[in-house]
Amino acid sequence: MSESRTPLEKIMLVEDEEDIRAVAELALEAVGGFTLKACHSGANALENLDGFRPQLILLDVMMPTMDGPSTLRAIRENPKFAQTPAVFMTAKVQPDEVKGYLALGAVDVIPKPFDPMTLSDQIREIWEKLD
């Protein structure tokens, strides 16, 4: 791990499924000790970006109205968040699908269903690989 990397504290989760959002909140806040802003839609995430200022954004791919890739494109249009690392969470993890998410600018992909007990460790590993 590089010494210059700031510890990860603030994560924005964008997930339309309430059950998954609840499990992820528990995994990241209670188990991981992160400060989390959970958003139920892409539009909700965009409304909360400036106020919350996440260091990392976890995005569900399949969401109604504004899906994960559309949400990420919209986030990237805000200069303050153009470089904020984004990780997609999805059950669609065929190699060509994963390549597509990375091509959209995601730094990694976490397969669903995720393990709530290891989710925060997975996210820390992703964070530590960034530079």
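**View 1. Helices and strands along the chain.** Helices (H or I, at least four residues) and strands (E, at least two) are DSSP runs that are numbered from the N terminus. By this rule the chain of this predicted model holds five helices and five strands, and from the N terminus on they follow the order β-α-β-α-β-α-β-α-β-α. Residues are numbered from 1 along each chain as its sequence is written. Because the model is predicted, local features need pLDDT of at least 70, and side-chain atom pairs count only at pLDDT 80 or more, whereas totals for chains, interfaces and linings use all residues.

**View 2. The buried side of helix α2.** Helix α2 spans residues 42-52, and its buried residues (under 20% relative accessible area, with exposed meaning over 50% and partly exposed in between, for a 1.4 Å probe and protein chains only) are G42, N44, A45, N48, L49 and F52. They lie on the same side of α2 because they cover an arc of only 150° around the axis, where the arc is that of the directions from the helix axis to the C-beta atoms. An α-helix has 3.6 residues a turn, so residues three or four places apart point the same way.

View 3. Contact means heavy atoms within 4.5 Å, and the cover over the buried residues of α2 includes β1 (10-14), β2 (35-39), β3 (56-60) and α3 (68-76). On the face turned away from the buried side, α2 carries the exposed residues E47 and G51. After α2 comes R53, which has a positive phi, near 50°.

Technical notes: Heavy atoms only, no water.
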